[in-house]
Amino acid sequence: MHDKKIEEVFKGLDTRKEGLTEKEAEIRLKKYGYNEIKQGKKISPVKIFLNQFNNVVIYILIFALGISIFLGETVDAIVIGAIVIANAILGFIQEYKAEKSIEALKKLASLKATVIRGGKEKDIDAKLLVPGDIIKLETGDKLPADCRIYELINLQTQEAMLTGESLPVKKELKILPEKTPLADRINLAFSGTLITNGKGKAIVTATGMKTEIGKIAKLIEEVETQQTPLQKKLNVLGKKIGIAVVIISIIVFLAQLLKDPVVLGHLTSFEFLEFLEGSREFFLVAIALAVAAIPEGLPAVVTIGLAIGIKRMVKRNALNRKLPSVETLGSTTVICTDKTGTLTKNEMTVRKIYVNGKIIDVTGSGYEPKGAFLFNNKKINPKEIDLLLKIGALNNDASFNENEVIGDPTEAALIVSAAKAGLNKGALQKKYERKSEIPFTSERKIMTTLHNIDGSDVAYVKGAPEVVLKLCNSIYEDGRIKRLTEQRKKEILQINIDFANNALRVLGFAFKTVMDKSRTEKNLVFVGLQAMIDPPREEVKAAIKKCKKAGIKIVIITGDHEITAKAVAKEIGIEGKSITGAELEKMKDEDLEKHIEEIVIYARVNPEHKIKIVDALKKQGHVVAMTGDGVNDAPALKKADIGIAMGITGTDVAKEASDMILLDDNFASIVNAVEEGRGVYDNIRKYFSYLISGNIGEVLIILLSIIFGWSLPMTATQILLINLVTDGLPAVALSSDPYEPNAMSRKPRKQKEPIYHNLRPFLIYYPAALVIVALSVFYYFNFIKGSLVQAQTATFLTVAMFELYQAFACRSTIYPAIKVGLFKNKWLILAVLSSFAFVASSIFIPSFGSYLDMVPLGITEFFVIAVISSIGAVIIELAKHLRSRNEKIGY
């Protein structure tokens with residue numbers, strides 16, 4: 001509709017300036033439907049709960065639970081059942097977050113609209129609007145539908161939530177080329193955007209899902225939620241463990257069955273009750289193996305670790321909405337960030353002034369009225385530029401309500417530049433009251449205000465420098481008015497171009513003592529230029545350096561102009577190629593993938609472009625974090641591995657589509673969150689190493705004892721106790737462990753890198769030592785002392801003590817524990833002492849131990865086992881020390 005004459009639009013939509021009749025509107029409502037965003041499918045809470053049971057490890061535990069109940073093993077059944085239910089409840093609580101993106105979009109449409117129907121104005125519910133309706137537009141209104149403007153007076157809209165354009169967009173009636181980007185379609189107004197100034201009338205061209213917001217809603221629905229790297233790794237690991245457990249359990253069961261001809265005879269004779277009774281011990285062995293192999297506590301401990309990570313991140317202004325996204329942050333290789341408000345302050349700031357033939361630098365950043373005026377790096381007296389700043393403050397409709405700007409951010413910057421020279425807008429307005437004004441229009445490109453200055457009517461003029469200069473025949477320099485030559489005009493225009501080439505927005509200023517009001521804007525006296533930009537946040541430069549050191553690429557994706565984005569990128573230390581949305585539109589997917597690594601700036605982009613960029617990056621193996629605040633960002637936020645919404649300026653839509661919300665809208669907080677994410681993953685590896693290494697040892701102990709033809713060295717109940725009590729408590733404590741040092745000095749880990757990468761000391765050396773010592777202890781008590789129950793108790797003690805010593809070795813998977821502080825985690829010390837107390841009580845208190853298949857041991861035996869069990873942790877520490885020395889890993 002933006003490329004057609006207004007007459008063609010009226011004709012195409014079969015409407016007129018008097019509006020549709022009620023009957024026509026009714027017919028169209030049936031044809032096009034309500035002007036609202038369709039709601040997507042809601043996720044059932046029951047489905048979320050049932051999904052918690054949908055993995056191989058849980059299937060095996062449920063099967064083991066069934067067998068335990070059938071065999072009457074009550075203690076085993078209760079413990080296994082508690083594990084399964086607790087894990088399901090924990091997972092359900094964390095995942096019960098309904099997808100509200102579409103609902104948030106729907107809220108945008110629940111508005112009122114002033115419509116002209118049958119030549120009469122009336123207010124109706126916005127959902128009843130249809131294409132062809134004529135609507136009135138007023139300052140402060142939120143647009144109820146997409147429309148083509150056909151009448152306007154100083155109409156401006158805030159479209160940042162849709163296009164990413166930070167400044168209000170001045171609307172015009174002119175016809176535009178067909179391929180004009182969305183952000184430049186200045187003859188259209190879009191559903192959900194806000195009218196910040198002026199008024200007008202427009203023809204509704206699209207409603208509901210056909211609007212630009214509707215298209216975005218459709219994009220959000222089409223984007224599938226993908227698993228995080230951690231979820232994928234744990235699922236693969238779960239399947240591998242599950243398959244191994246099933247195969248080993250079946251082999252062991254069959255091996256025992258073949259060794260017992262009596263029980264086998266019951267099976268071949270179809271005597272099932274006798275078979276089940278005779279094979280009871282075989283089933284118990286299979287359950288013991290399954291229980292030994294499965295790290296029952298891992299899902300719960302991972303959940304707790306991620307939740308602790310979320311709490312830590314909140315303290316650093318990053319709120320995670322989804323648990324697994326905490327870990328994903330740590331593997332991020334590319335951060336795609338918006339420019340306005342994230343890298344920059346979103347506060348226009350005057351940086352350069354041209355006055356008295358000099359270019360003056362202005363210090364300070366944002367809306368804080370602190371700063372100085374420098375010429376050749378030396379402070380000047382602000383009185384030298386007093387008139388220029390006074391014009392900027394008085395010819396100005398903006399104001400501040402505390403820290404919030406009311407009006408145009410460009411005018412707010414002029415108020416602040418005057419305040420830096422001690423000129424207060426409020427005080428100036430009282431002293432030099434505005435008598436009248438000639439407002440700014442897109443055709444005139446200037447604004448004029450008339451003031452009483454010392455008894456005379458004085459016009460203050462500001463606007464586009466080239467327009468202001470055309471109206472001037474004099475120039476004010478060093479307190480005197482001189483003739484303005486054509487040569488001088490060219491010099492000033494060149495300075496204007498130089499400023500603009502550095503992405504500065506430039507305004508020209510002039511004045512005149514008015515004798516004849518019909519000639520107010522003729523023969524003006526030129527005063528100077530003020531050039532401004534939305535400056536980078538002070539902390540961003542250091543954050544960018546940190547990212548480079550950590551091997552993370554920064555990409556700027558903005559709705560702003562290319563030249564502005566390049567200037568900001570240069571200032572904060574981002575270097576590389578830039579392209580526009582129009583250029584991106586022409587590129588084939590394979591061409592974009594070919595050049596994606598070189599491009600660091602995408603300017604004037606549409607929502608579809610953002611998804612295209614994320615797709616291309618992901619195809620190159622990147623883990624992508626994407627920031628956004630507007631409705632236009634929602635599909636890309638959902639598509640990215642990590643969607644990051646702005647907490648202050650972000651729309652509800654963006655927040656609901658995101659994985660993480662920045663509470664301070666600050667890029668530096670993203671980098672802090674990545675650091676936290678790496679720390680969380682390091683901690684997950686710590687307790688993964690701790691739990692899995694013990695499980696490997698337990699499985700090998702059971703397997704080898706069966707191969708040797710021995711009785712079981714531990715009962716199923718004892719194995720469960722080790723996995724839950726002596727393993728569980730320290731594992732939970734490790735989830736709150738201080739992070740590994742130098743997390744941001746390492747390159748991002750590869751996406752396909754398994755969680756067990758580089759954990760040989762934990763997964764090979766430690767289990768080998770555990771098996772040798774545990775089987776030796778079992779052999780001594782069972783075959784030399786002749787007591788199976790004592791042998792099982794002693795083996796339980798050996799495995800438990802091995803695990804408690806290993807908890808301290810797991811304080812780092814990279815550095816020797818002594819280097820990161822052996823006793824720095826007070827929760828770990830408490831967990832180990834509590835677990836030790838439980839183990840000792842189960843052995844030395846017969847009334848308690850009898851329920852857990854335990855019998856007392858001698859004091860000397862207890863302490864000898866407790867001491868020799870430290871060998872596993874010593875082996876791990878020695879291996880880490882040798883590795884760190886060989887690889888020269890710094891502490």
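What we have on screen is a predicted model, and I'd like to walk you through a few spots in it.

If you want to find them on the screen, look for Gly728, Pro730, Ala731, Ala733, Leu734 and Ser735.

Before going on, a word about confidence. The chain has a mean pLDDT of 86, and 92% of its residues reach 70 or more. There is a stretch to treat with care, though: over residues 97-110 the pLDDT is below 50, and yet in the model this stretch has 41 contacts beyond near neighbours in sequence.

Now for aromatic rings. We describe a pair of aromatic rings by the distance of the centres and the angle of the planes. Searching the whole structure turns up 15 aromatic pairs. Take Tyr476 and Phe511: their ring centres are 6.0 Å apart and their planes are at 80 degrees, so this pair is edge-to-face. Tyr476 belongs to strand S19 (residues 472-477) and Phe511 to strand S21 (residues 505-513), so the pair ties together parts that are 35 residues apart in sequence. And are these two residues buried or exposed? Tyr476 is partly exposed, because its relative accessibility is 23%, whereas Phe511 is buried at 11%.

Here is another pair, Tyr766 and Phe802. With centres 5.8 Å apart and planes at 65 degrees, these rings are edge-to-face as well. The pair links distant parts of the chain, 36 residues apart: Tyr766 sits in helix H31 (residues 760-784) and Phe802 in helix H32 (residues 788-809). Tyr766 has 0% relative accessibility, so it counts as buried, and Phe802 is buried too, also at 0%.

Rings can also form groups. Phe708, Trp710, Phe778, Tyr779 and Phe783 are joined into a cluster by ring pairs.

Which ring does the charged end of Arg312 sit over? That would be the ring of Tyr739, with a distance of 4.3 Å to its centre. In a second example, Lys358 lies over the face of Phe375, 5.3 Å from the ring centre.

Let's go and visit Ser693, in helix H28 (residues 667-707). Ser693 is buried, with a relative accessible area of 0%. What does the side chain of Ser693 make a polar contact with? It is the side chain of Gln806, at 2.8 Å. If we set aside neighbours within four places in sequence, Ser693 is in contact with Phe688, Phe762, Leu763, Tyr766, Pro767 and Gln806.

My last stop is Gly357, found in the loop between strand S10 (349-355) and strand S11 (358-362). At 42% relative accessibility, Gly357 counts as partly exposed. Leaving out neighbours within four places in sequence, it is in contact with Glu477 and Arg488. And how far apart are the C-alpha atoms of Gly357 and Leu493? They are separated by 13 Å, while along the chain these residues are 136 residues apart.

How values were computed
Residues are numbered from 1 along each chain as its sequence is written. Side-chain values use heavy atoms; hydrogens and water are left out. Rings of Phe, Tyr and Trp (its six-membered ring) pair if their centres lie within 6.5 Å; planes under 30 degrees apart count as stacked, over 60 as edge-to-face and the rest as tilted. Helices (H or I, at least four residues) and strands (E, at least two) are DSSP runs, numbered from the N terminus. Buried means under 20% relative accessible area, exposed over 50%, partly exposed in between (1.4 Å probe, protein chains only). A charge sits over a ring if NZ of Lys or CZ of Arg is within 6 Å of the ring centre and within 35 degrees of the ring normal. A polar contact is a pair of N or O atoms within 3.5 Å; within protein, one must be able to donate a hydrogen and the other to accept it, and residues adjacent in sequence count only if both atoms are side-chain atoms. Contact means heavy atoms within 4.5 Å. pLDDT is the predictor's confidence in each residue, from 0 to 100.
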